[in-house]
Amino acid sequence: MASQQLPPSRTSGDAASPTTITALGDDLLREIFLRLPSLPSLVRAALACRTFLAAIRSSGAFRRRFRGIHAPPLLGLFFDPDGPAIPTFAPLRRRSDPDLAAAVRGGDFFLTRVPGDHDDTAPGWEIQDCRGGRVLLLNPRTNQIAAYDPLTQALDLVPRPPEEITVGCRGYFTYLNHHILPSSDDDDDPGALRVLCTCHDDSRARAAVFSSATGEWQIFPWARAFTRRRGDDKYWLHSGSLVNGWVYWTHTSKPYMLVLNTATMQFSRIDLPQYLKGQGHSFRVGETYDGKPCIVGVVVFSLLVWYWRPDDNGVEKWMLDKMFPLQAEVLELTEGSPEEHAALKVIEIIDGYVYLSTYETFNDPDLACWFMTFCLETAELEKLFHKKYDCHIYPYIMPWPLTLLGNVVNPQLEDA
């Protein structure tokens, strides 16, 4: 009987080494990260180890793909009432995304690090802009500007523009807006702060820019005359909107907009549809998902959308593109009635999302409004929460943390 040979015994040195997730390689890791539910979940994964962080930071293409799949998350709305009161924050509650909730819990959305003045009961800060994770605040009594990041608690204090900005003023001088100029992944210092200040006199406008790199304001020349005010109408422009590097102001009584190109600091004028003349409070200028400018107006419960594009003759103008009747959807979401809600109001348009509210507070200050979002791309309406409309509203969108960009050092991982 032939003898059977047994297979050679495996020694301990021949044992296969276990494969760990850190051995997968950057490309495969990034494919896994694309399947995470939101930016807060990606941040949590990135901070787990150096390998994960390096895979994310080394690829701008991955960050663009992630943004394409996952819209920048809304963390909540800042409510800035008139008068000497600190702004309040209403967080967005999403039980399905605990990482998003954790991001809100870890932030200072009460703005406790923003300094007060001599009267602690009336700090006097007013929100001017909310962009790139920073809240831009103005204190009219101390002539101080503060840029504050509630997530990182980074605070920048900026002086008001020097008196030189009023030199050459013709007639009544007033400030228009202060905006944070956004940075990009390609900037040498994506964490640098630039603040835009704009103003106007009786017929002209002017801009100034503060840079944290120089610590100084650069004041640009007055633009040519655009209009003449009549009678006691000192304010001939509505509050402006910064959209993809351009600021748009609507004239209070004439069918045109004043536009500032923040790359060249040149002002120009573009016509509005006649339908929107004098309707500056019923519509807003914003941006689509791909950064193109749009106008969204409201007629009771319907949204009207204009895009800036060429007409049949190749002339660029605001072109009415779509109308979205939303009464049925609003009533179903809120379980309300047309008489209760009265109408819709457009708050902002950011990344293709229209932020809306119903109208109860405007008719009765004791009643709360419903706040919602509407996606221009998918036509989906989503309910946020129920709250009184306290005047000025600013959506807070979570930015990409600097630790995920470029070569910014993350101190939490220095000894990891």
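**Strands, salt bridges and spaces**

Q: Which residue of β8 is the bridge partner of I180?
A: The bridge partner of I180 in β8 is V195, and this is read from a predicted model. Strand β7 (residues 174–180) and strand β8 (residues 194–200) are joined by five bridges and run antiparallel.

Q: Why is strand β7 described as largely enclosed by the rest of the structure?
A: Of the seven residues of β7, six are buried, so the strand is largely enclosed by the rest of the structure.

Q: Why is the contact of D99 with R44 called a salt bridge?
A: The rule asks for a side-chain nitrogen of Lys or Arg within 4 Å of a carboxyl oxygen of Asp or Glu. For the side chains of D99 and R44 the distance from N to O is 2.8 Å, so the pair counts as a salt bridge. Because D99 lies in helix α5 (residues 98–105) and R44 in helix α2 (residues 39–46), the pair ties together parts that are 55 residues apart in sequence.

Q: Are D99 and R44 buried or exposed?
A: Buried means under 20% relative accessible area and exposed means over 50%. D99 has 14% and is therefore buried, whereas R44, at 60%, counts as exposed.

Q: How do you know that D156 and R134 form a salt bridge?
A: The N to O distance between their side chains is 3.9 Å, and the cut-off is within 4 Å, so this pair also counts. D156 lies in strand β6 (residues 154–159) and R134 in strand β4 (residues 134–139), so parts that are 22 residues apart in sequence are tied together. D156, with a relative accessible area of 26%, is partly exposed, while R134, at 17%, counts as buried.

Q: What makes R284 and E348 a link between distant parts of the chain?
A: The closest N and O atoms of R284 and E348 are 2.9 Å apart, and the two residues form a salt bridge. R284 belongs to strand β15 and E348 to strand β19 (residues 344–350), and they are 64 residues apart. R284 is partly exposed, with a relative accessible area of 21%, and E348 is buried at 15%.

Q: How many salt bridges are counted, and which residues are linked in a network?
A: The count comes to eleven salt bridges, and E31, R35 and R65 are linked in a network of them.

Q: Why are β15 and β18 said to stand at the edges of their sheet?
A: The open sheet has four strands in the order β15-β16-β17-β18, with antiparallel pairing. β15 (283–287) and β18 (316–325) each have a single partner strand, so one side of each is left without a neighbour in the sheet. The twist averages 25 degrees from one strand to the next. Within this sheet, β16 (residues 293–299) and β17 (residues 302–310) are joined by six bridges, and I295 stands opposite W306 in β17.

Q: What lines the largest cavity, and how do its residues divide?
A: A cavity is a space where a 1.4 Å probe fits but cannot get out, and the structure holds one cavity of 30 Å³ or more. The largest cavity has about 50 Å³ of space. L39, F66, R67, H70, A71, P72, P73, M398 and W400 line the cavity, and they divide into seven nonpolar, one polar and one charged.

Q: Which residues are closest to the centre of the second largest pocket?
A: The second largest pocket has a volume of about 790 Å³. Of its 37 lining residues, A71, P72, P73, Y353 and E382 are the closest to its centre. The lining divides into 19 nonpolar, eight polar and ten charged residues.

Terms used: Residues numbered from 1 in each chain as written. Predicted model: local features only at pLDDT ≥ 70, side-chain atom pairs only at ≥ 80, totals over all residues. Heavy atoms only, no water. Pairing = 2+ DSSP bridges. Helix = DSSP H or I, 4+ residues; strand = E, 2+ residues; numbered from the N terminus. Axes fitted to C-alpha atoms, helices over the stretch in contact; angles between N-to-C directions. 1 Å grid on protein atoms, 1.4 Å probe; cavity = no way out; pocket = protein on both sides within 12 Å on 5 of 7 lines; lining within 4 Å. Points joined across faces, edges and corners; volume = space filled by probe spheres on them. Nonpolar A, V, L, I, M, F, W, Y, C, P; charged D, E, K, R; others polar. Buried < 20%, exposed > 50% of the residue type's maximum accessible area, 1.4 Å probe, protein only.
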